[in-house]
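Biologist: I would like to learn how to read the packing in this model. Please start with a pair of helices.

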Amino acid sequence: MSTAHEITSPRTTGSDCPATVTLPGTQRPWSADPYSEALVEGRGPLFLRRSDGWLLPLEVERWCAGADAADMRVLDHCEGAVLDVGCGPGRLVAELASRGLPALGVDISEAAVTRTVRLGGQALRRSVFEPLPAEGRWDTVLLIDGNIGIGGDPGALLRRMSQLLGHGGLLITETAPDSEVGERVTVQVVRLTADAHGSAGPPFPWARLGTPALLRLATHAGWHPERQWTTGGRSFVALRNRGDRSDQRGITTVISSRQDSDLSPGRVVAGR
């Protein structure tokens, strides 16, 4: 397929991280139906469809349920203040909040942010490539449920993660169950009905990486692989950030008591 290719090294760009990611047809493909409809209803069937027609099932019911055993193991590895990138309907942020840990979810979907807030978590409607609170001071960043694919350029996403984390911070990412996969593709979110009809969102770039491809990319980019594990049929990798950060102070205060409406647990904040 012409839109997919093996990822062996990060793509070089003119800057470490763009202010925004330009996506074909829209800048917020996950914020539009049918994804929002599925989150509101808490069920699928929902898929990512490649341009060749191949379908990847999206586990909406699991995302909208509470954190499962595999999720709990991920959260047990978290350190300090946690940023959940692409938090979806918020099960991880809500679980962290129930543990009394500082956590913030970010997602471009208003439906996802709304659901996270209703579960008792804090969430911000914004792209990860836009300015975020406490940049360079997060202790842990999560890229779960395939979110290493955000933007379709894992190299650029890893550089962005390094900017968000403090020196020595931890990135935990979920990798594709197919360990050999390493592709950048154009996809659509589609929701199918029993008669094989349904609705489709706009096309946008996405990526899928198995653990070997992620480790090659991350090691080349200067990350230190710390651990990897598989549980419940899902695979995870923890990477340690080597980027230098000079200001590590005050992140808990940023999350727990900041008066900025961006972080108000009772409001959904539109991206700006």
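Modeller: P154, G155 and L158 in α6 meet L214, L217 and A218 in α7, where contact means heavy atoms within 4.5 Å. This is a predicted model, in which local features need pLDDT of at least 70 and side-chain atom pairs count only at pLDDT 80 or more, while totals for chains, interfaces and linings use all residues. Residues are numbered from 1 along each chain as its sequence is written, and side-chain values use heavy atoms, with hydrogens and water left out.

Biologist: What describes two packed helices?

Modeller: The angle between their axes and the distance between the axes. In this model the axes of α6 and helix α7 (residues 211-220) come within 10 Å and cross at roughly 55°. That makes α6 oblique to α7; angles under 35 degrees count as roughly parallel, over 145 as roughly antiparallel, 65 to 115 as roughly perpendicular and the rest as oblique. Axes are lines fitted to C-alpha atoms, for helices over the stretch in contact, and angles run from 0 to 180 degrees between N-to-C directions.

Biologist: Which strands does helix α6 lie across?

Modeller: Helix α6 (residues 154-164) lies across β3, β6, β7 (165-175) and β12, running at about 140° to β7. Helices (H or I, at least four residues) and strands (E, at least two) are DSSP runs, numbered from the N terminus.

Biologist: What is the order of the strands in the open sheet?

Modeller: The order of its 7 strands is β5-β4-β3-β6-β7-β12-β11, with mixed pairing; two strands pair if DSSP finds at least two bridges between them. β5 (123-125) and β11 (224-231) stand at the edges with a single partner strand each, so one side of each has no neighbour in the sheet. Direction ignored, neighbouring strands are turned by 20° against each other on average.

Biologist: How many bridges join β3 to β6?

Modeller: There are 3 bridges between β3 (residues 82-85) and β6 (residues 138-143), which run parallel. D84 has L142 in β6 as its bridge partner.

Biologist: Is A111 buried or exposed?

Modeller: A111, in helix α5 (residues 110-118), counts as buried at 17% relative accessibility. Buried means under 20% relative accessible area, exposed over 50%, partly exposed in between (1.4 Å probe, protein chains only). Leaving aside neighbours within four places in sequence, A111 is in contact with S36, L39 and V40.
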